[in-house]
Amino acid sequence: MLQRKQQYSKEQALQKLRHYCAYQERCHAEVKEKLYSFGLRKQMVEESIAQLIEEDYLNEERFAIQFAGGKFRMKQWGRVKIEHALKQKQVSTYCINKAMKELDAEDYVKTLHKLAKQKWDTVKGEGVNGFVKMAKTTDYLLQKGFEPELVREAIGRLREIKNEE
């Protein structure tokens with residue numbers, strides 16, 4: 001037998017969403033999805049979102065800044081990967097740009113160099129002039145979402161350091 005999803009009134013749904021948004025920053029798309037899952041119609045969903053924004057439970061700019069900061073600090077993602085994830089969450093370009101500006105440039109470069117050195121030191125085999133090491137380290141940093149030009153710079157610095165040793 002199919003189990004029907006519980007239907008909530010607009011007020012019940014709003015109350016649940018206030019808790020949902022107070023617990024953790026949310027993007028508009030997540031909240032919209034949640035409201036639809038409560039069985040609300042489009043008109044009620046739009047009104048609810050407007051009310052949550054008005055009450056400051058929902059703030060996409062705040063969400064983007066928190067999301068970007070968290071992914072950078074905890075998972076050590078680069079700007080490219082963070083930006084892509086925010087776009088997938090349908091966050092506006094304005095909010096994405098604002099979040100990117102909030103990332104500390106000095107910490108960003110330090111993290112990139114730290115990750116590059118860690119990866120470089122764990123890759124086995126020199127290959128042709130360390131080409132394998134270079135390629136694997138580069139691929140790793142690009143997967144983490146760091147910009148290609150910064151990755152090239154970091155790898156260049158590592159090679160200089162290794163050549164001096």
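Analyst: A crossing is right-handed if the near helix is turned clockwise from the far one by less than a right angle, and left-handed if anticlockwise. In this predicted model, α4 passes α5 in a right-handed crossing.

User: Why are α5 and α6 called roughly antiparallel?

Analyst: The axes of helix α5 (residues 79-88) and helix α6 (residues 93-102) cross at roughly 150° and come within 10 Å. The cut-off for roughly antiparallel is over 145 degrees, and the pair is therefore placed in that class. As for handedness, α5 passes α6 in a right-handed crossing.

User: How do you know how α2 is set against α3, and which hand does the crossing have?

Analyst: Helix α2 (residues 28-37) and helix α3 (residues 42-54) have axes that cross at roughly 135° and come within 10 Å. The crossing of α2 and α3 is right-handed.

User: What makes a residue part of the lining of a pocket, and which residues line the largest pocket?

Analyst: A lining residue has an atom within 4 Å of a pocket point. For the largest pocket these are Gln24, Glu25, Glu30, Phe63, Gln66, Phe67, Gly70, Lys71, Met74 and Lys89. The space in this pocket is about 200 Å³.

User: How is the lining split by class, and which helix gives the most to it?

Analyst: The lining has 3 nonpolar, 3 polar and 4 charged residues. Gly70 is in the lining, and Gly counts as polar. Helix α4 (residues 60-75) gives the most, with 6 residues.

User: Which domains does the lining draw on?

Analyst: Domain 1 (10-58) and domain 2 (61-102) each supply at least three residues.

Key. Residues are numbered from 1 along each chain as its sequence is written. This is a predicted model: local features need pLDDT of at least 70, side-chain atom pairs count only at pLDDT 80 or more; totals for chains, interfaces and linings use all residues. Side-chain values use heavy atoms; hydrogens and water are left out. On a 1 Å grid over the protein atoms alone, a cavity is a set of points where a 1.4 Å probe fits but cannot get out, and a pocket is an open set with protein on both sides within 12 Å along at least five of seven lines; lining residues have an atom within 4 Å of a point. Grid points are joined across faces, edges and corners, and a volume is the space filled by probe spheres set on the points. Helices (H or I, at least four residues) and strands (E, at least two) are DSSP runs, numbered from the N terminus. Domain bounds come from an automatic or database domain assignment. Axes are lines fitted to C-alpha atoms, for helices over the stretch in contact, and angles run from 0 to 180 degrees between N-to-C directions. Angles under 35 degrees count as roughly parallel, over 145 as roughly antiparallel, 65 to 115 as roughly perpendicular and the rest as oblique.
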